[in-house]
Amino acid sequence: MTVGSAMYEHGRKCWFCGNYGLSRLSDKRVWCGKCRRKYSLHKLRINLKVLYYFYLEVSARKCARELNLDYETVAKRYSAFRNAIIKFLEQEFKKLHGRVEADESYFGGKRKGDRGRGAFNKQAVFGILERKGRVYTTTVSNVSAATLLNHIKKNTRKGSVFYTDDFKSYKDLKQYGKHNRIKHSKAFGKGRNHINGIEGFWSYAKERFHKYHGINKKNYFSYVKEMEFRFNHRNKPLYPLLINITRQFAPKMP
Ligand SMILES: [Zn+2]
C-alpha cells in the first residue's frame, strides 16, 4: 500500500475531515475531536484495499475472492468509487478547445460481427478528444445530428477546429468552428487530417472494458466515465488521487 493511505490506515489523520487529532476508543474504533466521527480503522483498511484493487483494475469478483469478502459488498464499493469519479470529473471539467476530434463508437454486444453503427445490443458512446489533451465521453441513446452536436456544443469552446469522419450526423458541425471531415477511404491518417487520437482512446477504453467481464448495460455510463478518468490522469499517480476522490465524494464505509 502506498504512503498516501498510511496516515489514514494508522489512525493519524481523520478519514473524514483530515484532522490529526484522533483518539483510540476501547472498542478499537477511533474518535475525531474535530468532526466528532467515530469509525473503525479495520473497516477503513479493508476499504482502502478494495480501492487498491479497483485502482489496479481487478474485477469486483476477483477482488472479493482475493480479499475473502462478499461479492455484493465489493461491487457496491466499486460502484461508489465510480460515482465518486463521475462527481470529480464534473467538478474538474473545462470545455475542450483547440484541435478537437469527435467520434462515436460501440461498446459491448456479445455476437461477433456486430460492428458499426446501429449494431444490435451494443451501447453507443460518444467521445470528444482535445489533441494532446483530455477526452470527454458519454453514452448516447442515439447518434443523430441533434444528439451529437448538442454534446459538442455543451462540451467544447466555440471556434475550436473539429475533426470527424464523414458520418452524416457531423454534417452541420461547421456552425461551431472549422470542420475537417475525413473520408475513411481516402488519405486516412495523413498530416493533421485524422482522428487517430479519439480512435486511440477507443482502443484504450475497450481493452480495459474487456477485463471487466459481463458489464450490465445500465452501468456502461459509469464504466465509460471511469475510462475517461483513467485516460485523462494516466500520467499521474492514480492511487493517491483515488484516495482523495473517495474521501471527498464517497467517504462512507459499509
Ligand atoms: Zn474528523
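**Exercise 1. State how many helices and strands the protein chain holds, and describe its overall dimensions and burial.**

The protein chain contains eight helices and eight strands, where helices (H or I, at least four residues) and strands (E, at least two) are DSSP runs numbered from the N terminus. This is a predicted model, in which local features need pLDDT of at least 70 and side-chain atom pairs count only at pLDDT 80 or more, while totals for chains, interfaces and linings use all residues. Residues are numbered from 1 along each chain as its sequence is written.

Next, take the dimensions: along the principal axes, the C-alpha atoms fill a box of roughly 70 × 40 × 30 Å. Of the 254 residues in the protein chain, 28% are buried; a residue is buried if 20 or more other C-beta atoms lie within 10 Å of its own, exposed if 12 or fewer, and partly exposed in between, with C-beta atoms placed from the backbone.

Finally, consider the contacts, meaning pairs of residues whose C-beta atoms, placed from the backbone, lie within 7 Å. Among the contacts with a separation of 6 or more, 54% come from residues 24 or more positions apart.

**Exercise 2. Work out the strand order of the open sheet of three strands, and find which helix lies across β2 and β3.**

Begin with the order, which is β1-β2-β3 with antiparallel pairing; two strands pair if DSSP finds at least two bridges between them. Because β1 (22-24) and β3 (38-40) each have a single partner strand, they stand at the edges, and one side of each is left without a neighbour in the sheet. Neighbouring strands of this sheet are turned against each other by 35° on average, direction ignored.

Then look at one pairing in detail: β1 and β2 (residues 29-32) run antiparallel and are joined by three bridges, and R24 stands opposite V30 in β2.

The helix is α2, which lies across β2 and β3 and runs at about 60° to β3. Here axes are lines fitted to C-alpha atoms, for helices over the stretch in contact, and angles run from 0 to 180 degrees between N-to-C directions.

**Exercise 3. Locate E57 and K132, and decide whether each is buried or exposed.**

Start from the backbone: most residues other than glycine have a negative phi. E57, although not a glycine, has a positive phi of about 65°, and it is found in the loop between α2 (41-55) and α3 (60-67). E57 counts as exposed because it has 11 C-beta neighbours inside 10 Å.

K132, also a residue other than glycine, has a positive phi near 60°, and K132 lies in the loop between β5 (123-130) and β6 (135-139). With 8 C-beta neighbours inside 10 Å, K132 therefore counts as exposed.

Conventions: Contact = placed C-beta atoms within 7 Å.
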